[in-house]
Amino acid sequence: MVVAIVLILLIVGSVLFHLLSPWYFTPIASNWTTIDDTISITFWVTGIVFVAVNLFMAWAVIRYRYRKDRRAEYEPENKKLEWWLTGLTTVGIVAMLAPGLYVWAKFVDVPDDAPVVEAVGQQWHWSYRFPGKDGVLGTVDARYVSDKNPFGMNPDDPNGRDDILISSQELHLPIGKPVKMLLRSKDVLHNFTVAQFRVKMDLVPGLVTYIWLTPTRAGKFDLLCQELCGIGHFAMRGSVVVEEEAAFQAWLSRHPTFAQTSAQAAGDAAAGKPLYAACAACHGAQGEGTPALHAPKLSGQGDWYLKRQLKYYKQGARGTHDKDVFGKVMVPMAATLVDDAAIDNVAAYIKTLPDRPAPATVKGNASNGKQRYVTCGACHGADGRGVQAMNAPGLAGMSDWYLVTQLKNYKQGIRGTHPQDQYGVQMALMAAILRDDQAVNDLVAYINTLR
Amino acid sequence: MSYVAHDASAFAPPAEVREVELYHPKTWLGKYVFSQDAKVIAIQYAITAISIGVVALVFSWLIRLQLGFPNTFSFIDPSNYLQFVTQHGMIMVIYLLTALFLGAFGNYLIPLMIGARDMVFPYVNMLSYWVYLVAVLLLVASFFVPGGATGAGWTLYPPQAILQGTPGESWGIILMLVSLAVFIIGFTMGGLNYVVTVLQARTRGMTLMRLPLTVWGIFMATILALLAFPALFVSAIMMILDRTLGTSFFMPAIVSMGQKLEYAGGSPVLFQHLFWFFGHPEVYIVALPAFGIVSDLLSVHARKNIFGYRMMVWAIVAIGGLSFIVWAHHMYVSGMNPYFGFFFATTTLIIAVPTAIKVYNWVLTLWRGNIHLNVPMLFAIGFIFTFINGGLTGLFLGNVTVDVPLSDTMFVVAHFHMVMAIAPVLAVFGAIYHWYPKITGRMLDDTLGKVHFWFTFVGSYAIYYPMHYLGFLGVPRRYYAIGGTDFIPESVQSMNAGITIAALIVGAAQMVFFYNLVRSYFKGKPSGGNPWEATTLEWQTPHTPPTHGNFGRELPVVYRWAYDFSVPGAPQDFIPQNVPPPEAATGARDRA
Amino acid sequence: MAGGSTEDVHGSVLVQPTLKLGLWVLLAVVTSLFALFISAYAMRMKLGDWNPLPEPGLLWLNTGVLILTSAVMEWTRAAANRGQKDGVRTGLFAAGVLTVAFLAGQLVVWQQLHASGYFLGANPANDFFYVLTALHGLHLLGGLVAWGRTTAGVQRGVALGAARLSVGLCALYWHYLLLVWLVLFALLLST
């Protein structure tokens with residue numbers, strides 16, 4: 001008896017939960033309203049069956065509960081009833097399947113006029129490629145991939161010369177125009193998911209997969225990887241900005257073509273030397289860092305990382321948080337580097353400075369830290385030397401007190417929260433793993449053993 | 001007389017089964033450790049499977065603690081979080097449920113229910129258990145090797161399963177794959193036994209269409225497993241070679257962490273096809289025995305014949321057959337040719353028809369019954385409710401268009417836990433409360449059983465029903481932390497905390513069950529041979545617990561189907577299968 | 001609808017000895033295993049980097065040896081049925097020697113291929129060749145265990161009925177593995 005009442009309560013509760021739930025599909029931002037319609041149909045059919053069959057069961061439990069003086073009916077089968085139920089079920093199934101297949105037929109049929117955009121996934125970030133003026137993407141291959149050519153562009157393919165490379169986690173798309181997203185992975189499986197678009201697809205190394213959609217709502221949408229891709233899976237975040245055509249074109253024109261990135265001259269260390277004089281005041285003539293001035297060691301750090309940070313300071317993506325006291329100092333300093341070439345030159349000069357490990361100043365339990373470093377090592381390398389392909393700077397032999405400060409900044413939301421800080425978001429998610437100061441010190445103490 | 005069973009040809013042909021020559025153990029070791037008695041092997045399987053299952057249960061708590069209270073527990077980092085997720089899934093699906101349903105219930109119930117003295121190949125049957133134990137030990141060993149167990153997800157998808165960036169990519173994955181291969185070899189030994197025993201060793205009069213549905217469920221599940229596990233075996237071998245000898249079966253050209261690897265040309269999707277060719281039937285390997293068991297529990301405790309027996313048998317067969325042509329519905333967004341979606345959505349939704357028939361027939365068995373609401377019946381009702389929920393959400397995921405937004409979200413997690421975790425586990429509990437008296441001669445405590453039922457049933461619903469709505473929202477599965485996303489509101493965190501609390505309570509409630517198992521073994525009420533007044537042969541044995549050889553000097557002869565409950569005109573509301581129809585009654589043995 | 005009456009079921013199934021049915025079920029499992037490998041082969045083959053490897057002439061000889069083994073097994077089975085104990089002994093011995101010869105031949109093929117640079121890992125065609133031949137060889141090795149038990153039994157002079165059954169089972173298994181080999185060989189030749 002109790003069980004019947006509980007069943008009825010669960011049925012009513014489930015229906016109420018469904019009706020009142022604040023958690024439901026996000027407002028759609030693409031043309032795939034038909035997908036939402038098939039979901040509604042499925043809800044109606046399954047909802048009716050759920051309520052009807054379970055209520056019938058609850059009623060049967062009440063009505064036919066054990067009584068000493070009664071016997072159950074003996075009815076081995078009832079062909080007519082069974083066929084009726086089979087028939088009704090089939091009708092319900094067809095009612096769900098037919099619209100489903102109809103919509104799927106649209107999914108596999110990409111509009112002819114949809115331009116292509118490529119999303120490239122790798123552990124654990126996104127980048128994108130537009131075909132440029134010729135509308136054709138150049139060929140790519142894993143064997144061309146290098147730090148200079150992260151997209152793996154075929155240098156001999158003329159179609160690739162004008163491809164526009166977006167080395168950023170943020171993709172922009174024009175509103176109201178169909179687009180065919182080509183999906184490519186450099187390493188493992190990933191999945192391109194924007195909840196508001198409804199459609200998603202895996203990125204499979206060795207294949208190019210696709211989805212197509214027409215963005216219908218302007219805004220910035222989270223792009224999540226939804227196929228398990230390793231330790232950093234949960235931190236593989238990008239975003240898609242849907243905007244008017246003009247804004248989109250302006251954004252696109254700010255990015256270099258493949259021809260431009262390959263023609264880019266390397267930084268000139270000699271030209272960088274005088275520029276470094278301003279830096280040397282704090283960071284030291286050899287780039288060895290000055291703890292008293294809160295200036296970290298620079299020598300031995302990847303030039304690509306230094307360049308990115310200098311640009312962040314210039315753009316206001318770093319050093320703008322109220323509590324980032326020492327970061328603020330860097331802002332006017334970075335501003336003295338007038339253009340990208342100056343940044344390249346100074347980074348090239350720093351690269352020539354001798355890399356002597358900074359003295360260890362942080363005390364902690366290195367063997368505890370070793371366990372925690374497993375996660376860090378996935379990007380920064382087991383040896384802590386940093387991996388450019390992962391956008392992960394070197395840690396070993398760098399100023400340990402600076403690592404502590406920065407980890408705390410990430411934890412407290414001082415760093416890694418600015419929307420333009422592309423890869424800081426990941427570090428903010430990762431630094432959250434370190435529960436307290438002791439954990440931070442242990443970790444840094446372990447990193448100190450890696451020099 | 002009117003109470004001749006509905007199928008009952010009174011005809012019972014002479015035995016063509018020769019009396020099996022039984023192995024008689026001479027030593028203590030031979031009797032309790034290296035036993036060839038299916039009943040002992042069943043208990044060994046059950047204890048091993050449940051022990052490793054408890055480990056997986058603890059893993060699920062750790063997963064939930066992280067999701068419910070992120071950044072609180074310093075011992076859960078992204079890397080061992082993935083290891084918990086992976087090992088929880090792998091253990092629960094393969095090492096617990098498959099081993100429990102087929103190894104434990106199969107071994108205990110098949111010979112007793114079909115009227116056989118033992119399995120047909122007892123020695124191979126014993127080997128099967130020991131090989132299974134080796135597989136479990138290999139799995140446990142993988143927790144302790146450098147790098148720890150694999151954290152590639154229970155699907156072990158390449159390339160990431162064997163590349164850096166995934167926990168356990170060095171030794172863990174190799175031990176995992178070897179353990180699976182060993183498991184499959186062990187299972188094949190057992191499976192041969194179950195199939196051949198059902199086909200060859202049925203007692204006189206036990207036609208296939210008189211088999212209890214439990215046996216039908218286990219029989220069909222075994223056939224599925226025998227044909228499906230080779231797919232996992234093949235993919236395990238090929239992945240081991242990819243990992244150790246540098247072949248490129250599944251591995252395309254890859255730039256991993258900035259390094260170009262030696263691999264070229266392989267296909268990760270090929271692995272997924274092989275994996276799911278095993279993986280989908282695996283769902284039914286777990287579900288079909290549960291279907292069978294629940295059918296029998298309902299019939300016995302509602303004192304009514306199972307409704308539409310033939311339909312039920314054919315539904316089991318149809319589901320088994322269809323389960324081999326639906327696998328790619330797990331791969332709608334895997335990057336396979338999208339045109340496959342049409343075919344697999346259609347076959348998947350077709351399989352819903354025989355499944356729905358089973359549900360109707362269970363509910364119609366209750367209808368006009370005389371329902372004892374005892375613990376096994378409660379679990380059976382809980383199973384139906386949970387299974388209906390999980391089955392219906394399966395229609396979302398099977399229909400390709402609806403699947404796309406839900407794929408890889410918490411909706412999937414909620415769905416498969418309802419349909420192939422909670423529902424089968426409720427069936428397992430029901431079965432244990434039902435058959436425990438036969439296995440031990442004592443009843444399990446009723447009050448403790450009810451406490452266990454309510455916490456487990458309502459608690460699980462509280463865990464998984466709301467979880468579907470996280471999926472609708474788009475919360476991804478296998479995420480260590482959600483972090484900041486615009487479309488996921490703060491309230492999701494409160495819901496996750498609530499789910500975690502429910503999960504901890506449900507987990508703790510299982511301790512009541514274990515306590516009941518142990519306490520009742522010593523202090524339970526003596527049950528007698530047939531406490532539920534059931535009709536099937538295992539309840540008609542001369543001794544309880546059944547002794548070696550099961551049926552004493554003479555095997556029972558079967559005269560009727562397994563569901564002669566409340567036959568009009570019969571003196572009692574049940575007629576055991578071995579009671580001859582009245583006109584032949586002169587020759588009938590007394591029932592013990 | 002099949003299955004109503006007892007005779008059908010018992011009549012049709014129980015004519016098989018239990019062991020024989022067990023072997024048939026095992027063969028069904030092995031069939032599933034090879035069939036899945038072959039489908040994987042077919043799918044992997046289409047992926048572009050497939051470089052078929054040459055079929056050494058020795059494979060033809062090995063195939064001949066395996067056919068001969070099967071024939072000898074069949075002859076032995078007939079001898080067992082006729083009750084000729086000596087024939088059974090000779091036949092089993094010959095079949096064993098031929099099987100070992102086949103396996104040795106396969107190893108020589110591996111060596112030849114390896115010597116001419118067709119390494120494992122160099123191309124999927126090589127990988128599949130090594131894996132499939134190894135798997136087939138392992139099944140034959142497993143068969144040799146059963147063969148050993150049968151031979152030992154015959155030497156000890158077990159009852160003719162039992163010997164007849166186990167010789168029959170060996171023959172069935174060898175025929176089956178010959179069939180598998182012919183399918184695999186055809187697959188290798190055609191690709």
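Reader: Where in chain A is A:Arg198 found, and what is the value of its phi?

Author: Most residues other than glycine have a negative phi, and most peptide bonds are trans. In this predicted model, A:Arg198 is found in the loop between β6 (190–193) and β7 (200–203) of chain A, and its phi is near 75°, a positive value in a residue other than glycine.

Reader: Is A:Arg198 buried or exposed?

Author: The cut-off for a buried residue is 20 or more other C-beta atoms within 10 Å of its own. Because A:Arg198 has 26 C-beta neighbours inside 10 Å, this residue counts as buried.

Reader: What is the phi of B:Asn550, and where does this residue lie?

Author: B:Asn550, although it is not a glycine, has a positive phi of about 70°, and its place is in the segment after α14 (491–523) of chain B. With 23 C-beta neighbours inside 10 Å, B:Asn550 counts as buried.

Reader: Which residues are joined by cis peptide bonds?

Author: In chain A, a cis peptide bond joins A:Gln123 and A:Trp124, with omega about -10°, and A:Trp124 sits in the loop between β1 (116–122) and β2 (125–130) of that chain. In chain B, B:Pro158 and B:Pro159 are joined by a cis peptide bond whose omega is about 0°; B:Pro159 is in the loop between α4 (122–141) and α5 of chain B.

Reader: To turn to helices, why does the distance between the ends of α11 of chain A agree with its number of residues?

Author: The expected span is 1.5 Å times one less than the number of residues. Helix α11 of chain A (residues 400–411) has twelve residues and so should span 16 Å, and its end C-alpha atoms are 17 Å apart, which agrees. After α11(A) comes A:Gly413, whose phi is positive, near 80°.

Reader: Which residues of α11(A) are buried, and what covers them?

Author: The buried residues of α11(A) are A:Asp400, A:Thr405, A:Gln406, A:Leu407, A:Asn409, A:Tyr410 and A:Lys411. What covers these buried residues includes α12 (424–431) and α13 (437–448) of chain A.

Reader: How is chain A divided into domains?

Author: The domain assignment of chain A gives domain 1 (2–67 + 77–108), domain 2 (116–263) and domain 3 (269–448). Between the C-alpha centres of domain 1 and domain 3 of chain A the distance is 55 Å.

Reader: Which pair of chains shares the most contacts?

Author: The size of an interface is often given as the accessible area lost when the parts come together, but here let us count residues and contacts. Of the two pairs of chains in contact, chains A and B share the most contacts, and this contact takes 94 residues from chain A and 103 residues from chain B. On the side of chain A that touches chain B, the elements that give two or more residues are α1 (2–20), α2 (33–63), α3 (79–108), β7, β9 (219–225) and α10 (366–380) of chain A. The largest share, 14 residues, comes from α3(A), and by class this side divides into 56 nonpolar, 21 polar and 17 charged residues.

Reader: How many residues do chain B and chain C give to their contact?

Author: Chain B gives 34 residues and chain C gives 31 residues. On the side of chain B that touches chain C, the elements giving two or more residues are α5 (172–200), α6 (213–244) and α7 (268–301) of chain B; α6(B) gives the most, with eight residues. This side of chain B has 23 nonpolar, ten polar and one charged residues. As for chain A and chain C, no contact joins them, and their closest C-alpha atoms lie 10 Å apart.

Reader: Where in chain B is pLDDT under 50?

Author: Where pLDDT is low, the predicted coordinates should not be read in detail. Chain B averages a pLDDT of 92, and 94% of the residues score at least 70. The pLDDT stays under 50 over residues 1–6 of chain B, for which the model has 13 contacts beyond four places in sequence. Over residues 8–17 of chain B the pLDDT is also below 50, and this stretch has 25 contacts in the model beyond near neighbours in sequence.

Technical notes: Residues numbered from 1 in each chain as written. Chains lettered and ligands numbered in written order. Predicted model: local features only at pLDDT ≥ 70, side-chain atom pairs only at ≥ 80, totals over all residues. Contact = placed C-beta atoms within 7 Å. Helix = DSSP H or I, 4+ residues; strand = E, 2+ residues; numbered from the N terminus. Nonpolar A, V, L, I, M, F, W, Y, C, P; charged D, E, K, R; others polar. Buried ≥ 20, exposed ≤ 12 C-beta atoms within 10 Å, placed from the backbone. pLDDT = per-residue confidence, 0-100. Domains from an automatic or database assignment.
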